[in-house]
Amino acid sequence: MQPLLSCSDVRVTFGGIVALDGVSLSVAPKQILGIIGPNGAGKTTLFNCISRLYTVSSGEIHFDGRALSTVSRHGVAALGIARTFQNVALFESMTVLENVLVGSHPLRRGGFLSDALNTTSQACRDERRAEADKLIESLGLKADAQRHVSALPFGTRKRVELARALASKPKLLMLDEPAGGLSHGDVDELRELIHTLRDQFDLTVLLVEHHMQFVMKLCDSIVALDFGRRIAAGTPSEVQNHPEVIRAYLGGAA
């Protein structure tokens with residue numbers, strides 16, 4: 001099976017600092033792959049390269065058979081890549097429904113401009129609303145649909161950001177620290193939710209996470225980074241017991 005996403009010998013430098021040093025990985029369709037590593041390992045840098053926020057210094061990233069270097073930054077979402085952020089990035093003054101509707105803009109010709117000029121057809125607006133309502137219900141947000149996100153607890157806000165990402169109908173869903181700041185019960189619910197969403201929407205999931213128990217129970221495969229290099233890759237049990245991974249997290253000899 002051809003991978004949906006592949007990173008080949010990706011290198012990123014900022015001045016004299018090497019953030020990624022020849023990192024390679026591939027993600028198969030419908031796979032859940034986790035990227036782990038200590039702070040500063042290069043995890044978020046790799047995410048930023050895939051979403052085209054950063055430009056690679058060398059190497060190549062392909063998505064669905066296409067080199068991402070040929071895709072504009074604003075074209076990544078329309079290609080089928082959606083992302084959440086470590087620090088939840090929502091429109092505070094907008095309702096849950098309005099935030100989710102924003103996520104559908106990459107699918108439509110004209111996007112924000114059409115809405116601003118009020119040229120979007122009523123049929124199109126009705127279709128977007130119906131799809132947003134379904135997503136809101138799927139993520140358990142129906143009771144909060146008309147509330148402003150600024151009034152919601154952190155765990156609920158994370159679900160809103162997830163619903164907004166899904167509104168663009170992605171093939172690849174990228175989750176940056178999805179379990180960060182959640183209670184133990186919320187983490188368990190999130191793990192089950194991601195599995196459900198993967199199956200319901202035929203998603204491929206790539207995530208960066210520090211919560212090791214969450215990663216080990218959720219992911220099909222894991223890639224471990226340290227100082228910008230890939231030090232291990234394999235099943236959760238293989239990576240968890242890899243000497244280089246133990247050394248990276250605990251220090252000293254394994």
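Threonine 84 lies in the loop that joins β6 (81-83) to α3 (96-102). Helices (H or I, at least four residues) and strands (E, at least two) are DSSP runs, numbered from the N terminus. The model is predicted: local features need pLDDT of at least 70, side-chain atom pairs count only at pLDDT 80 or more, and totals for chains, interfaces and linings use all residues. Residues are numbered from 1 along each chain as its sequence is written, and side-chain values use heavy atoms, with hydrogens and water left out.

**Threonine 84**
- Threonine 84 is buried, with a relative accessible area of 6%; buried means under 20%, exposed over 50% and partly exposed in between (1.4 Å probe, protein chains only).
- Not counting residues up to four places away in sequence, threonine 84 touches Glu161, Leu162, Ala165, Met174, Leu175 and Asp176, where contact means heavy atoms within 4.5 Å.

**Helix α5**
- The buried residues of α5 are Arg128, Ala132, Leu135 and Ile136.
- These residues cover an arc of only 100 degrees around the axis, which puts them on the same side of α5; the arc is that of the directions from the helix axis to the C-beta atoms.
- Ala123, Lys134 and Glu137 are exposed on the other side of α5.

**Helices α6 and α7**
- Arg159, Leu162 and Leu166 in α6 meet Glu189, Leu193, Leu197 and Phe201 in α7.
- The residues of this contact divide into five nonpolar, no polar and two charged; Ala, Val, Leu, Ile, Met, Phe, Trp, Tyr, Cys and Pro count as nonpolar, Asp, Glu, Lys and Arg as charged, and the others, Gly among them, as polar.
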